[in-house]
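Here's a friendly walk through one protein chain, a few features at a time. Have the sequence and the 3D view ready and follow along.

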Amino acid sequence: VLGNPNFWMKFLFPAGVKPEWKKLFFDMFSNWSPSFLRWAMNAALHWNNTEIIQNYTHIHGDRDIVFPIRYVKNYQLIKNGTHVMVLSRAREIRTIIISQLSISQ
């Protein structure tokens, strides 16, 4: 089931997402190998960072079902942002990045 692109498409793409984005992700999901999927899920589920990173901005959506916000700390919120918000909210994310780059200079 997890290797089936249609399974992921239902959860990752809210109504109104552009068809070309769905096609892009469908193509990507269709080319996952089972070993890559196992590796990626294991890496995400068991990631144990011991280094505290300073001077960073974590941009996170409150509707990301892959990485739910309740497990995230120290983030800049994108209201109604999903796991694919880099496509659907690109302008908003770009503004945040430019703002943070200006601050750090």
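Ile-65, Val-66 and Phe-67 make a nonpolar surface patch of about 240 Å². A patch here is built from residues with over 30% relative accessible area and no salt bridge, joining like charges within 9 Å, or nonpolar side chains (Val, Leu, Ile, Met, Phe, Trp, Tyr) within 5 Å. The areas themselves come from the Shrake-Rupley method with a 1.4 Å probe, and for residues only the protein chains shown count as cover.

Let's zoom in on one of the three. Val-66 sits in the loop between β1 (59-61) and β2 (76-78). Val-66 has a relative accessible area of 31%, so it counts as partly exposed. For that wording, buried means under 20% relative accessible area, exposed means over 50%, and partly exposed is in between (1.4 Å probe, protein chains only).

## How to read this model

Before going on, keep in mind that this is a predicted model, where local features need pLDDT of at least 70 and side-chain atom pairs count only at pLDDT 80 or more, while totals for chains, interfaces and linings use all residues. Residues are numbered from 1 along each chain as its sequence is written, and side-chain values use heavy atoms, with hydrogens and water left out.

## The overall layout

The chain has five helices and two strands, and along the sequence they run α-α-α-β-β-α-α. Helices (H or I, at least four residues) and strands (E, at least two) are DSSP runs, numbered from the N terminus. Of the 105 residues in the chain, 22% are buried.

His-60 gives you a spot to look at, in strand β1. With a relative accessibility of 6%, His-60 counts as buried.

## The largest pocket

Now for the largest pocket, with a volume of about 1300 Å³. Pockets are found on a 1 Å grid over the protein atoms alone: a pocket is an open set of points with protein on both sides within 12 Å along at least five of seven lines, and lining residues have an atom within 4 Å of a point. Grid points are joined across faces, edges and corners, and the volume is the space filled by probe spheres set on the points.

Which residues lie nearest the centre of the largest pocket? Out of 33 lining residues, they are Ala-44, Trp-47, Val-66, Phe-67 and Val-72. The elements giving two or more residues to this lining are α1 (5-12), α2 (19-30) and α3 (34-45). α3 gives the most, with seven residues.

By class, the lining has 25 nonpolar, six polar and two charged residues. In this count, Ala, Val, Leu, Ile, Met, Phe, Trp, Tyr, Cys and Pro are nonpolar, Asp, Glu, Lys and Arg are charged, and the others, Gly among them, are polar.

## Three salt bridges

The structure holds three salt bridges. Each one is a side-chain nitrogen of Lys or Arg within 4 Å of a carboxyl oxygen of Asp or Glu. One of them joins Lys-23 and Asp-27, at 2.8 Å from N to O. Both of these residues lie in helix α2, four residues apart, about one turn of the helix. Lys-23 is exposed at 52% relative accessibility, while Asp-27 is partly exposed at 34%.

Another links Lys-79 with Asp-62, whose closest N and O atoms are 3.5 Å apart. Lys-79 is in the loop between β2 and α4 (85-88) and Asp-62 is in the loop between β1 and β2, so this pair ties together parts that are 17 residues apart in sequence. Lys-79 is exposed, at 53%, and Asp-62 is partly exposed, at 25%. Then there's Arg-89 with Glu-92, where the closest N and O atoms are 2.7 Å apart. Arg-89 is partly exposed at 22%, and Glu-92 is partly exposed at 33%.

## Two asparagines with positive phi

Where do you find Asn-55? Asn-55 is in the loop between α3 and β1. Its phi is near 55°, a positive value in a residue other than glycine. Asn-55 has 73% relative accessibility, so it counts as exposed.

Asn-74 is in the loop between β1 and β2. Asn-74 also isn't a glycine, yet has a positive phi of about 55°. With a relative accessible area of 63%, Asn-74 is exposed.

Conventions
1 Å grid on protein atoms, 1.4 Å probe; cavity = no way out; pocket = protein on both sides within 12 Å on 5 of 7 lines; lining within 4 Å.
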